[in-house]
Amino acid sequence: MATAPNPSLPLFYQDLMPLNRRDHEKWRSHRSETANWLIDQHAVPLTAEEFSLAQRFFPIVFSSGERPVPLALFGLNEGVNVYVDAEGVLTTDIYMPAYVRRYPFLLAKLDANTDVMSLCFDPSSKLLGDFEDGDALFEGEEPAEFTKGVMQFCERFEEAGVRTQAFVDELLKHDLLMDGEVAITREGSDQPFIYRGFKMINQEKLRELRGDLLRAWNQNGILALIYAHIMSLDLLRVIFGLQTAQGKGPGAATAQTVN
């Protein structure tokens with residue numbers, strides 16, 4: 001159902017190039033009405049800080065594997081996105097995860113021996129170039145206000161990612177994540193469609209946790225994140241219905257699993 005980003009190159013990104021004044025002094029950032037990078041993308045990474053907003057629009061699950069990642073589901077099957085059409089146009093007014101809004105920019109280490117992060121971008125996106133219109137990337141020898149804003153957004157995203165991993169680590173520490181499974185029956189059919197390949201909170205183990213731990217989680221916000229995830233799972237059937245209405249459908253009785 002859901003896949004975690006490829007660690008060698010993040011989801012969406014086909015290439016990475018460091019942004020620098022020497023090569024990109026006259027370049028601008030072009031705004032696009034389409035998001036081609038979202039076409040056929042059924043799952044997008046989500047930070048914990050976005051759970052409260054995302055739960056209104058997407059099922060929130062965790063990818064399988066040794067290091068689970070929170071994901072917002074745009075579809076239940078690989079290659080299905082119920083919110084973006086074949087041209088990359090958003091068809092519904094939804095909350096857009098920060099991971100999507102960050103593209104084509106990204107903070108990355110250019111030197112493995114240092115912790116310095118440089119602002120990079122995906123040149124294949126064609127969103128940056130020597131355009132007549134758009135937001136300037138540099139003003140003289142300094143980054144333009146637009147670029148400074150992008151840098152700040154990317155820095156906040158990285159910080160949110162660290163906090164998200166700490167949240168997931170806390171769930172793993174208390175063995176709260178289990179392999180998920182949901183069965184959805186389409187009207188007129190007796191055979192349910194079974195979706196696996198993701199992780200979810202084990203509510204039985206959640207109820208067995210010590211009261212002092214739950215009080216601490218209530219105070220630091222972890223409990224609110226857990227319940228946002230649990231409540232969002234009702235939207236799995238909504239996504240299923242949208243797939244069916246759009247003719248995309250489940251396609252098979254058992255969806256592909258996560259590696």
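1. Let me start with a side chain: that of Thr164 reaches the backbone oxygen of Ala160 at 2.8 Å. This is a polar contact, meaning a pair of N or O atoms within 3.5 Å; within protein, one must be able to donate a hydrogen and the other to accept it, and residues adjacent in sequence count only if both atoms are side-chain atoms.

2. A word on the ground rules. The model is predicted, so local features need pLDDT of at least 70 and side-chain atom pairs count only at pLDDT 80 or more, while totals for chains, interfaces and linings use all residues. Residues are numbered from 1 along each chain as its sequence is written, and side-chain values use heavy atoms, with hydrogens and water left out.

3. Back to Thr164, which sits in helix α4 (residues 145-173). Helices (H or I, at least four residues) and strands (E, at least two) are DSSP runs, numbered from the N terminus. Thr164 counts as buried because its relative accessibility is 7%; buried means under 20% relative accessible area, exposed over 50%, and partly exposed in between (1.4 Å probe, protein chains only). Leaving aside residues up to four places away in sequence, Thr164 touches Leu46, Thr47, Ala48 and Pro70, where contact means heavy atoms within 4.5 Å.

4. Helix α4 also matters for the second largest pocket, giving the most to its lining with five residues. The space in this pocket is about 580 Å³. Its lining has 28 residues, and the closest to the pocket centre are Trp37, Val100, Arg101, Tyr103 and Leu127. The elements that give two or more residues to the lining are α3 (98-102) and α4. By class, the lining has 17 nonpolar, six polar and five charged residues.

5. For the pocket terms: on a 1 Å grid over the protein atoms alone, a cavity is a set of points where a 1.4 Å probe fits but cannot get out, and a pocket is an open set with protein on both sides within 12 Å along at least five of seven lines; lining residues have an atom within 4 Å of a point. Grid points are joined across faces, edges and corners, and a volume is the space filled by probe spheres set on the points. Ala, Val, Leu, Ile, Met, Phe, Trp, Tyr, Cys and Pro count as nonpolar, Asp, Glu, Lys and Arg as charged, and the others, Gly among them, as polar.

6. Now the strands. Two strands pair if DSSP finds at least two bridges between them, and two bridges join β2 (residues 28-29) to β8.

7. Ser29 is found in β2, and its bridge partner in β8 is Leu128. At 9% relative accessibility, Ser29 counts as buried. Its contacts, not counting residues up to four places away in sequence, are Leu127, Leu128, Gly134, Asp135, Leu137 and Phe146.

8. Another open sheet of three strands runs in the order β1-β7-β6, again antiparallel, with β1 (17-18) and β6 as the edge strands. Five bridges pair β6 with β7 (residues 117-121); among them, Phe105 partners Phe121 and Lys109 partners Met117. Four of the five residues of β6 (residues 105-109) are buried, so β6 is largely enclosed by the rest of the structure.

9. Finally, Ser52 lies in helix α2 (residues 51-54) and counts as partly exposed at 42% relative accessibility. Ser52 and Pro192 are 140 residues apart in sequence and 30 Å apart in space, C-alpha to C-alpha.
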